[in-house]
Every structure is written in structure tokens, then in C-alpha cells.
Amino acid sequence: MHIKEIEIDGFKSYAQKQIIGKFDDQFNAITGLNGSGKSNILDSICFVLGISNLTHIRATSNNDLIFKSGQCGITKAFVKITFDNTGARRFSNYGDVVTITRTISISSGTTKGSNNYTICGSNASCSAVADLFRSVGLNVNNPHFLIMQGRITKVLNMKPVEILGMIEEAAGTKMYDQKRNTAIQN
Ligand code: ATP
Ligand code: MG
């Protein structure tokens with residue numbers, strides 16, 4: 001399972017619809033000038049994955065995620081991720097292609113902006129999307145899911161046991177260590 005394509009429209013610096021595609025199934029690198037929107041692409045993935053701590057995507061409110069915070073007539077941010085689900089069919093119960101979208105609209109004054117998700121074209125709740133991603137081991141709200149720009153040096157300086165702990169936490173296997181220790185003690 002891997003990302004096939006990302007469509008971004010109105011999200012952060014992406015004022016107009018843009019399709020970023022031809023992703024490799026193993027390894028991808030995004031290159032470009034400083035400030036050209038590389039990290040914003042990663043932020044857009046976290047956005048669809050349902051990140052709850054907006055500071056991790058360098059925003060303080062949903063409005064910050066919309067192009068120019070809605071000041072230039074663009075009042076919605078939309079991101080669609082198309083996953084290639086062939087092979088092991090990690091998204092079980094789904095076909096070869098799985099699309100997940102998230103759209104938010106600007107909030108102003110007392111008007112609360114909307115926040116909508118779809119899975120394969122059908123409206124879905126935020127928790128249904130979170131459950132779907134968790135079912136394939138993608139939990140963007142896990143503290144070790146992201147190694148943000150600037151944090152890489154910290155990771156490089158970690159002791160091996162700390163790196164192991166971080167990977168166990170990210171892979172979701174840490175809880176088994178705790179259960180094993182409890183079982184040994186009893
Ligand atoms: P670097 O190489 O320095 O890491 P980058 O390619 O990762 O750069 P990004 O951080 O993705 O760059 O993009 C930064 C740009 O996005 C800045 O110019 C910033 O003003 C712009 N930006 C962020 N949020 C918005 C927004 N809501 N509306 C318009 N532009 C935005
Ligand atoms: Mg960057």
C-alpha cells in the first residue's frame with residue numbers, strides 16, 4: 001500500500017488545484033527551493049490523516065491551513081490522497097484504489113468552518129477515517145509518527161536504546177513490552 005497521488009486545492013501555499021503524483025512505492029524525496037512548498041505537501045498528508053496537534057503542521061488554527069487564511073477569496077482547503085491498495089490489500093474490504101479526502105472551510109466570527117471527510121467518495125466521520133488509518137498502522141497522532149524538520153539532529157544524537165524505544169512506540173509494539181513485564185512479575 002502506498003500513496004499514488006495527492007491532489008491539493010486551497011491548502012496553505014497551494015492556491016490552485018495541483019496534482020502531485022508518480023510516487024514510488026518504496027522511497028520518495030521532494031526537492032525544491034526554500035519556501036517552495038515541500039513541507040506543505042507533508043503537512044497536507046498529515047491533514048488528511050487527521051492530525052490533532054496543529055502546531056506539528058505549523059498552524060494554530062484551521063484557518064492557517066487555507067490559502068492566505070481566506071483573505072484572497074479562497075475559502076476552502078481540500079486535499080485528496082489516492083492510495084494504491086493492490087497487492088496485500090492492506091485496506092481490507094476495499095478495492096485496488098482507495099481515496100480519502102478532507103475539506104475545511106474558513107471560520108469567521110461566530111461562523112464555525114466546516115470539516116468534512118470522504119472515503120472512496122462517500123461522506124465519512126472523522127473517527128471512521130481515524131479507524132481506517134489505524135487499521136493499517138498509520139496513527140498520525142502517535143508522538144513518534146513524525147520526524148519534523150529540525151528534529152532529525154535530535155534523533156541522530158539519540159542512544160540506540162532511545163531509538164529502539166521510538167521505533168517501538170511508532171510501530172505500536174511498546175504496549176506488548178509493558179504487558180510482558182507485567183506477566184513476568186505476576
Ligand atoms: P524549506 O526548504 O525552507 O523547508 P519548503 O519548501 O518546505 O521550504 P514550505 O514550508 O512548504 O516550504 O512552504 C513555506 C511557504 O508556504 C511560505 O512561503 C509560507 O508563506 C507559505 N504558506 C504557509 N501557509 C500558507 C497559507 N495559509 N497561505 C499561503 N501561503 C502559506
Ligand atoms: Mg521544509
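Two strands count as paired if DSSP finds at least two bridges between them, and strands (E, at least two residues) and helices (H or I, at least four residues) are DSSP runs numbered from the N terminus. Everything below comes from a predicted model, in which local features need pLDDT of at least 70, side-chain atom pairs count only at pLDDT 80 or more, and totals for chains, interfaces and linings use all residues. Residues are numbered from 1 along each chain as its sequence is written.

**View 1. Strands β3 and β4 side by side.** Nine bridges join β3 (residues 76–84) to β4 (residues 97–105), and the pairing is antiparallel.

View 2. Six strands line up in the order β2-β1-β3-β4-β5-β6, with antiparallel pairing. At the edges are β2 (18–21) and β6 (122–124), each of which pairs on one side only. From one strand to the next, the twist averages 20°; axes are lines fitted to C-alpha atoms, for helices over the stretch in contact, and angles run from 0 to 180 degrees between N-to-C directions. Helix α2 (residues 126–135) lies across β3, β4, β5 (115–119) and β6, and runs at about 45° to β5. Contact here means heavy atoms within 4.5 Å.

**View 3. The largest pocket and its lining.** The volume of the largest pocket is about 1,200 Å³. Among its 32 lining residues, Ile3, Asn28, Ile30, Leu42 and Ile45 are the closest to the centre. A pocket, on a 1 Å grid over the protein atoms alone, is an open set of points where a 1.4 Å probe fits, with protein on both sides within 12 Å along at least five of seven lines; lining residues have an atom within 4 Å of a point. Grid points are joined across faces, edges and corners, and the volume is the space filled by probe spheres set on the points. Helix α1 gives the largest share of the lining, eight residues.

**View 4. Two loop residues with positive phi.** Most residues other than glycine have a negative phi. Lysine 12, in the loop between β1 and β2, has a positive phi of about 45°. In the loop between α1 and β3, serine 69 has a positive phi of about 50°. Lysine 12 is buried at a relative accessible area of 11%, whereas serine 69 is partly exposed at 28% (buried is under 20%, exposed over 50%, partly exposed in between; 1.4 Å probe, protein chains only).

How values were computed:
Chains are lettered from A and ligands numbered from 1 in the order in which they are written. Side-chain values use heavy atoms; hydrogens and water are left out.
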